[in-house]
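I opened this model to look up a few side chains and their surroundings. My entries follow in the order in which I made them.

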Amino acid sequence: MQSSFSLSFSQPTTVPRSNHTFDSLPFAPSKPINLRFCGLRRETLGFFSLSRSHSCRGLQLPSPTRSKTISASLADNGSTPKSFDYDLVIIGAGVGGHGAALHAVEKGLKTAIIEGDVVGGTCVNRGCVPSKALLAVSGRMRELQSEHHLKALGLQVSAAGYDRQGVADHANNLASKIRNNLTNSLKALGVDILTGVGTILGPQKVKYGKAGFPETIVTAKDIIIATGSVPFVPKGIEVDGKTVITSDHALKLEFVPDWIVIVGSGYIGLEFSDVYTALGSEVTFVEALDQLMPGFDPEIGKLAQRVLINPRKIDFHTGVFASKITPAKDGKPVTIELIDAKTKEHRDTLEVDAALIATGRAPFTNGLGLENVNVVTRGFVPVDECMRVIDAHGNLVPHLYCIGDANGKMMLAHAASAQGISVVEQVTGRDHVLNHLSIPAACFTHPEISMVGLTEPQAREKAETEGFEVSVAKTSFKANTKALAENEGEGLAKLIYRPDTGEILGVHIFGLHAADLIHEASNAIALGTRIQDIKFAVHAHPTLSEVLDELFKSAKVEARVSSQVSEPVAV
């Protein structure tokens with residue numbers, strides 16, 4: 001499935017591994033499902049519900065065929081150490097591993113983090129951080145290029161231009177600065193940074209080292225896997241890193257092609273289309289599904305297409321696979337063979353200057369040594385709702401956890417960090433189960449898109465299954481004073497909720513600073529706050545936050561009793 005939202009694996013996925021935790025745009029579960037939102041598995045959407053009243057210590061695995069016992073296959077994989085070098089060892093120093101390490105130190109744990117490359121993982125070095133630097137440039141370029149927008153504000157600006165190397169340097173310098181900040185914060189708190197590739201040898205035992213150098217073995221009471229993910233490249237696509245590239249290469253901005261094909265129209269593809277078109281490129285999307293932006297709420301997706309795609313130098317092919325992509329060579333352009341996604345018949349051949357493969361991400365687990373604790377992966381590391389690793393027999397591996405992209409629950413950097421903090425809470429004696437439905441996601445286009453919870457189709461399917469009604473409320477940015485002052489009235493906020501209880505099921509925003517606005521809704525879901533309570537919150541005037549104020553006030557809730565929603569779904 002060529003979309004950065006959703007990919008389905010029918011066979012086990014094997015990819016090279018490094019020790020990073022990666023920010024990613026969402027990725028789909030290993031089994032195909034009709035409901036896709038930010039890579040959440042079906043049980044995350046509430047179709048398998050687990051009450052927060054269940055503790056992680058007593059939590060049972062959902063499958064009735066799995067054993068309820070904890071086992072580490074000690075006979076096959078060595079004995080458990082009687083004393084430990086560390087309380088906690090984290091494999092991977094990306095955003096997830098970093099967040100877990102900082103919280104572990106706060107809890108008084110002696111902590112080490114193993115990193116085979118550089119601190120920060122893909123998020124900082126090849127993901128969300130440098131991409132936001134490029135998007136900051138594209139946003140400024142759009143403002144300077146919009147004569148209508150500037151004229152409405154009474155501004156006159158001469159023709160805007162850019163220096164490609166200067167733009168690339170801005171992205172690289174930002175990544176370097178954030179990477180140094182993360183490294184210094186770990187060192188300042190006394191976290192040991194162990195350099196090398198980490199491999200699990202057995203229960204509570206890890207080795208690390210660089211190729212060609214002696215390896216070191218360390219023991220820990222608890223181990224967290226935080227190795228992240230890499231760009232997924234479908235079969236038939238030849239990546240040369242120059243004319244056929246992944247997001248890792250694109251962030252270096254080594255050249256700006258006149259015409260580039262982007263395979264996949266999810267978060268990654270949309271953001272890069274924003275960058276490339278602002279810098280002068282023509283873009284063609286290739287999407288396997290029948291509509292663009294398949295993982296977004298359909299109504300928000302249609303509006304976003306009208307604003308982000310239709311007016312720009314972007315065309316698209318939907319319902320097709322890029323079955324073969326050949327890099328430019330010997331004066332010949334990049335060639336792309338398109339086949340029908342259903343019939344597999346040839347549809348078209350494109351000849352372009354470059355192709356960006358934005359088809360999602362795949363977990364980094366190869367070489368991690370999971371076989372030493374009897375764990376078998378089909379791509380993602382299998383975990384329960386407490387991030388505890390599950391072995392091949394369905395048993396919990398004691399003292400072993402997996403967070404972030406490697407477990408596939410929700411492939412976002414801040415989700416990885418939240419999972420890491422949740423694990424640290426558990427190992428220090430506090431039961432904690434993270435509610436993934438409260439974790440927001442954002443696409444940093446211009447304007448931005450953000451969301452939390454369920455899309456409208458997902459909410460209605462859940463309602464049909466569980467027997468309740470769903471209502472929808474909407475507000476427009478055109479009614480917001482601050483948005484109009486900025487001459488940015490294009491936008492919509494959408495609330496999906498239960499009218500009988502006031503429970504917030506999902507919120508979706510398209511408009512100016514949507515990525516910042518979503519957190520009021522995500523916190524409300526996390527805290528179980530009802531609409532009839534949040535209606536009384538006071539917002540400064542005039543601010544963009546009043547978009548959500550009006551949204552909550554416009555909801556029609558039957559329940560009049562003010563109380564919290566029953567415990568949020570824990571997944």
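I began with Arg347, which counts as partly exposed at 44% relative accessibility. Here buried means under 20% relative accessible area, exposed over 50%, and partly exposed in between, with a 1.4 Å probe and protein chains only. The side chain of Arg347 meets that of Asp340 in a salt bridge, at 2.8 Å from N to O. I take a salt bridge as a side-chain nitrogen of Lys or Arg within 4 Å of a carboxyl oxygen of Asp or Glu. Asp340 is buried, with a relative accessible area of 16%. By this rule I get a count of 21 salt bridges.

I noted where the values come from. The model is predicted, and local features need pLDDT of at least 70, side-chain atom pairs count only at pLDDT 80 or more, while totals for chains, interfaces and linings use all residues. Residues are numbered from 1 along each chain as its sequence is written, and side-chain values use heavy atoms, with hydrogens and water left out.

Next I looked at helix α11, residues 456–466. Helices (H or I, at least four residues) and strands (E, at least two) are DSSP runs, numbered from the N terminus. Which residues of α11 are buried? They are Glu456, Gln458, Ala459, Lys462 and Ala463. They cover an arc of only 160° around the axis, so they sit on the same side of α11; the arc is that of the directions from the helix axis to the C-beta atoms. The face turned away from this buried side carries the exposed Glu464 and Thr465. I found β22 (492–497) and α9 (298–309) included in what covers the buried residues. After α11 comes Gly467, with a positive phi near 80°.

I then followed Glu456. Its side chain meets that of Arg460 in a salt bridge of 3.1 Å, N to O. Are Lys494 and Glu456 buried or exposed? Both are buried, whereas Arg460 is partly exposed, at 39% relative accessible area. I recorded a network of salt bridges that links Asp297, Glu299, Glu456, Arg460, Lys474 and Lys494.

Notes
Contact = heavy atoms within 4.5 Å.
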